[in-house]
Amino acid sequence: MHLEFIGRRALLLGGTCDMAAVLAGIMIDSGILPIMTCRDETGQNRIRKSLKLFEGKFQTACLRLGDRDSLDALFSGEANDIDYLVDFAQSDYECFVAAANEDEIERYFAQNTAFRAEVLKMAARVMLKKKRGRLVFVSSTAAVRANPGQGFYAAAKVASEQLYKSIGIELGSRGITCVSLRPGYVNAGRGDRFLQERGDDLLKRIPIGRALDAAEVAQTIMFLLSEAARGINATEIIIDGGLTQVK
C-alpha cells in the first residue's frame with residue numbers, strides 16, 4: 001500500500017526517545033522533514049548520534065516541559081510551518097499514590113498536562129493558517145490498564161488523550177484531525193528496561209506472545225499521518241498484541 005503525505009514538515013515532541021528516532025528515519029525516507037525536540041545539548045547530541053545516517057535531513061529544537069520561553073522560541077522558529085505533530089513527550093514519576101510528594105504531583109501534571117495544552121494551542125494556530133494538519137499523541141495502554149505505581153503516568157495520558165480528542169472535534173471541519181495511539185509493551189526505551197526486569201511474566205499475558213518493536217509502532221504512526229487515515233479522528237487506537245483484552 002502506497003501512503004500519500006501532503007505535508008512536508010513534522011514536529012516530534014520528545015525527540016530523544018528510541019521510537020522517535022525510528023519514526024524520524026521513516027519520515028525522512030518518505031520526504032518529510034522531522035523536527036526533533038529535546039531539553040538540552042545532551043539530548044541534541046543523542047538525536048544526532050541516533051540519526052547520523054541522515055545528517056542534514058532533520059532538525060533539532062529545544063523544548064523543556066513547563067518552560068514557556070522555550071515553547072515561544074520553538075513556534076517562532078522551527079515549528080512555525082509544521083504540517084504534522086507526533087507527541088512522544090512524557091516525564092517520569094512512578095510512585096504509589098499514597099506515598100507521593102505533593103510538590104512532585106503538582107510539577108508532574110503542570111508539565112505533562114497543562115503545558116501540553118499550551119503546546120497544542122500553538123500547534124493548532126499554525127495549522128489553522130494552513131487549513132490542514134494532523135496530530136498523533138503516543139499514549140499508552142496504561143490509560144486503560146495501569147500497573148501499580150503508574151497512577152500519575154496513566155492519569156496524565158488519559159487527560160492528554162482528551163485534549164487531543166477535543167482538537168479533533170473542534171477543528172476537524174477546518175482540516176485539522178487528531179488520533180491517540182496506545183502502544184502496549186515495546187522493545188524500546190523505558191519499555192525495553194521494563195521488559196528486561198519482568199519480561200517472562202509479561203509476555204505470557206500477551207496473546208501474540210511477544211512485545212512490539214519500535215519499527216511497527218512507527219509504521220503505524222506513519223499510516224495515521226497519511227491521507228489514507230484522514231477519516232480516523234478524535235479517537236484512540238490500541239496496538240498491544242491483544243494485551244488489554246485479556247482478563
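**Exercise 1. Determine the handedness of the unit made by β2, α2 and β3.**

Solution. The model is predicted: local features need pLDDT of at least 70, side-chain atom pairs count only at pLDDT 80 or more, and totals for chains, interfaces and linings use all residues. Residues are numbered from 1 along each chain as its sequence is written, and side-chain values use heavy atoms, with hydrogens and water left out.

Step 1. Identify the elements. Helices (H or I, at least four residues) and strands (E, at least two) are DSSP runs, numbered from the N terminus. Strand β2 covers residues 33-38, helix α2 covers residues 41-50, and β3 covers 59-62.

Step 2. Check the pairing. Two strands pair if DSSP finds at least two bridges between them. β2 and β3 run parallel and are joined by four bridges. Met-36 stands opposite Thr-60 in β3, and Thr-37 has Ala-61 of β3 as its bridge partner.

Step 3. Assign the hand. A crossover is right-handed if, with the strands pointing away from the viewer, the path from the first strand over the helix to the second runs clockwise. β2, α2 and β3 form a right-handed β-α-β unit.

**Exercise 2. Give the strand order of the open sheet and name its edge strands.**

Solution. Step 1. The sheet has seven strands in the order β3-β2-β1-β4-β5-β6-β7, and the pairing is parallel.

Step 1. β3 (59-62) and β7 (236-239) are the edge strands, each pairing on one side only.

Step 2. From one strand to the next, the twist averages 20 degrees. Axes are lines fitted to C-alpha atoms, for helices over the stretch in contact, and angles run from 0 to 180 degrees between N-to-C directions.

**Exercise 3. Trace the pairing from β1 through β4, β5 and β6 to β7.**

Solution. Step 1. β1 and β4 pair in the parallel sense over four bridges, and Leu-12 stands opposite Val-86 in β4.

Step 1. Four bridges also pair β4 with strand β5 (residues 133-138), again in the parallel sense. Here Val-86 stands opposite Val-136 in β5. The chain goes from β4 to β5 through helix α4 (residues 102-130), in a right-handed β-α-β crossover.

Step 2. Between β5 and β6 there are six bridges in the parallel sense, with Val-136 opposite Val-179 in β6. β5, α5 and β6 make a right-handed β-α-β unit.

Step 3. β6 and β7 pair in the parallel sense over four bridges. Arg-182 has Ile-238 of β7 as its bridge partner.

**Exercise 4. State which residues of β4 and β6 are buried on each face.**

Solution. Step 1. Buried means under 20% relative accessible area, exposed over 50%, partly exposed in between (1.4 Å probe, protein chains only).

Step 1. In strand β4 (residues 84-87), Tyr-84 and Val-86 are buried on one side, and Leu-85 and Asp-87 on the other.

Step 2. In β6, Ile-176, Cys-178, Ser-180 and Arg-182 are buried on one side, and Thr-177, Val-179, Leu-181 and Pro-183 on the other. Eight of the eight residues of β6 (residues 176-183) are buried, so this strand is largely enclosed by the rest of the structure.

**Exercise 5. Classify the packing of α1 with α7, α4 with α5 and α3 with α4.**

Solution. Step 1. Set the classes. Angles under 35 degrees count as roughly parallel, over 145 as roughly antiparallel, 65 to 115 as roughly perpendicular and the rest as oblique. A crossing is left-handed if the near helix is turned anticlockwise from the far one by less than a right angle, and right-handed if clockwise.

Step 1. Helix α1 (residues 18-29) and helix α7 (residues 214-225) pack at about 55 degrees, with axes 9 Å apart. That makes α1 oblique to α7. Their crossing is right-handed. The contact includes Leu-23 and Ile-26 of α1 and Val-217 and Ile-221 of α7.

Step 2. α4 and helix α5 (residues 151-171) pack at about 20 degrees, with axes 10 Å apart. That makes α4 roughly parallel to α5. The crossing is right-handed.

Step 3. α3 and α4 pack at about 15 degrees, with axes 11 Å apart. That makes α3 roughly parallel to α4. This crossing, too, is right-handed.

Definitions and conventions: Contact means heavy atoms within 4.5 Å.
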